[in-house]
Amino acid sequence: MNIHTRAFDHPDAVKLNDRVQLEYAERYGDEGDVTPLDATMFEPPRGLYLIAYDASDSPVATGGWRSQERNAEGYSDGDAELKRMYVIPEGRGNGLARRILAALEADARAAGRLRMVLETGDKQPEAIALYASSGYEPCEKFGHYRDYENSRCYAKPLRDTTA
């Protein structure tokens, strides 16, 4: 598997986003994630978008982060928000999500972000398990779905806070 930086509006990113939206719609019985996003939110150094490709150069996984600062949606100064983490069903179980997550954390840390935050839902137990096993802890709700009962928010410091 090869992981490459891509724009959020790259054709492969659009294809994977369409697939994850269908999965969200199936799991939650709605139209998918309607959080407003655009490609500029993931442009370095204020974000990054990655796509993993298999041996035949087909896109199989994706994920990105975007900068956030304190605002009315509950973010804090220095936040890096994880968005669109997704692995196609055929690619699951190979550690791709964990590899993308580690690369996104490293990039956000290098960009000076203080903590990685993410919003997921209670009907995504695989995602919750990945984040919990990667050091993420529940936090105060934020973001587009902060008022939804099935929304779950997590955070992980990107800096050593013991010093």
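Predicted model: local features only at pLDDT ≥ 70, side-chain atom pairs only at ≥ 80, totals over all residues.

Biologist: How does β4 run relative to β5, parallel or antiparallel?

Modeller: Strand β4, residues 79–87, runs parallel to β5, and three bridges join the two. Within this pairing, A80 stands opposite M116 of β5.

Biologist: Which helix does the chain pass through from β4 to β5, and what is the hand of the crossover?

Modeller: The path leads through helix α2, residues 96–110, and the β-α-β crossover is right-handed.

Biologist: And how many bridges join β5 to β7?

Modeller: Seven bridges join β5 to β7, residues 151–157, and these two strands run antiparallel. Across that pairing, E119 faces C153, and T120 stands opposite R152.

Biologist: What is the strand order of the sheet as a whole?

Modeller: The sheet is open and has seven strands, in the order β1-β2-β3-β4-β5-β7-β6, with mixed pairing. Strands β1 and β6 (137–138) are the edges, each pairing on one side only.

Biologist: Let us change topic. How many aromatic pairs does the structure hold?

Modeller: There are six aromatic pairs. One of them is F8 with Y49: the ring centres are 5.1 Å apart and the planes stand at 80 degrees, so this pair is edge-to-face.

Biologist: Where do F8 and Y49 lie in the chain?

Modeller: F8 is in the loop between β1 (2–5) and α1 (11–28), whereas Y49 belongs to strand β2, residues 47–53. They are 41 residues apart, and the pair thus links distant parts of the chain. Both F8 and Y49 are buried. Together with F42, they form one aromatic cluster.

Biologist: What is the geometry of the pair Y145 and Y148?

Modeller: That pair is also edge-to-face, with 4.9 Å from centre to centre and 70 degrees between the planes.

Biologist: Is Y145 buried or exposed? And what of Y148?

Modeller: Y145 has a relative accessible area of 16% and is therefore buried, as the limit is 20%. Y148, at 44%, is partly exposed.

Biologist: C153 came up opposite E119. How many disulfides are there?

Modeller: The count is zero disulfides. For C139, the nearest cysteine sulfur is that of C153, 5.4 Å away.

Biologist: Moving on to pockets: how much space lies in the largest pocket, and which residues are nearest its centre?

Modeller: The largest pocket holds about 850 Å³ of space. Its lining consists of 35 residues, and Y24, M85, T120, Q124 and A127 lie nearest the centre. T120 is the residue that stands opposite R152 in β7.

Biologist: Which element gives the largest share of that lining?

Modeller: Strand β4 does, with six residues. At least two lining residues come from each of α1, β4, α2, β5 and α3 (125–133).

Biologist: Finally, the backbone. Which peptide bond is cis?

Modeller: The bond from P44 to P45 is cis, with omega near 5 degrees. P45 sits in the loop between α1 and β2.

Biologist: What is phi at D57 and at R84?

Modeller: D57 has a positive phi of about 65 degrees, though it is not a glycine. At R84, likewise not a glycine, phi is also positive, near 55 degrees.

Biologist: Where are D57 and R84 placed, and is each buried or exposed?

Modeller: D57 is in the loop between β2 and β3 (59–68), and at 56% relative accessibility it is exposed. R84 is in strand β4, and with a relative accessible area of 6% it is buried.

Key:
Residues numbered from 1 in each chain as written. Heavy atoms only, no water. Pairing = 2+ DSSP bridges. Helix = DSSP H or I, 4+ residues; strand = E, 2+ residues; numbered from the N terminus. Right-handed = clockwise from strand over helix to strand, strands pointing away. Phe/Tyr/Trp six-rings, centres within 6.5 Å; stacked < 30°, edge-to-face > 60°. Buried < 20%, exposed > 50% of the residue type's maximum accessible area, 1.4 Å probe, protein only. Disulfide = S-S within 2.5 Å. 1 Å grid on protein atoms, 1.4 Å probe; cavity = no way out; pocket = protein on both sides within 12 Å on 5 of 7 lines; lining within 4 Å. Points joined across faces, edges and corners; volume = space filled by probe spheres on them.
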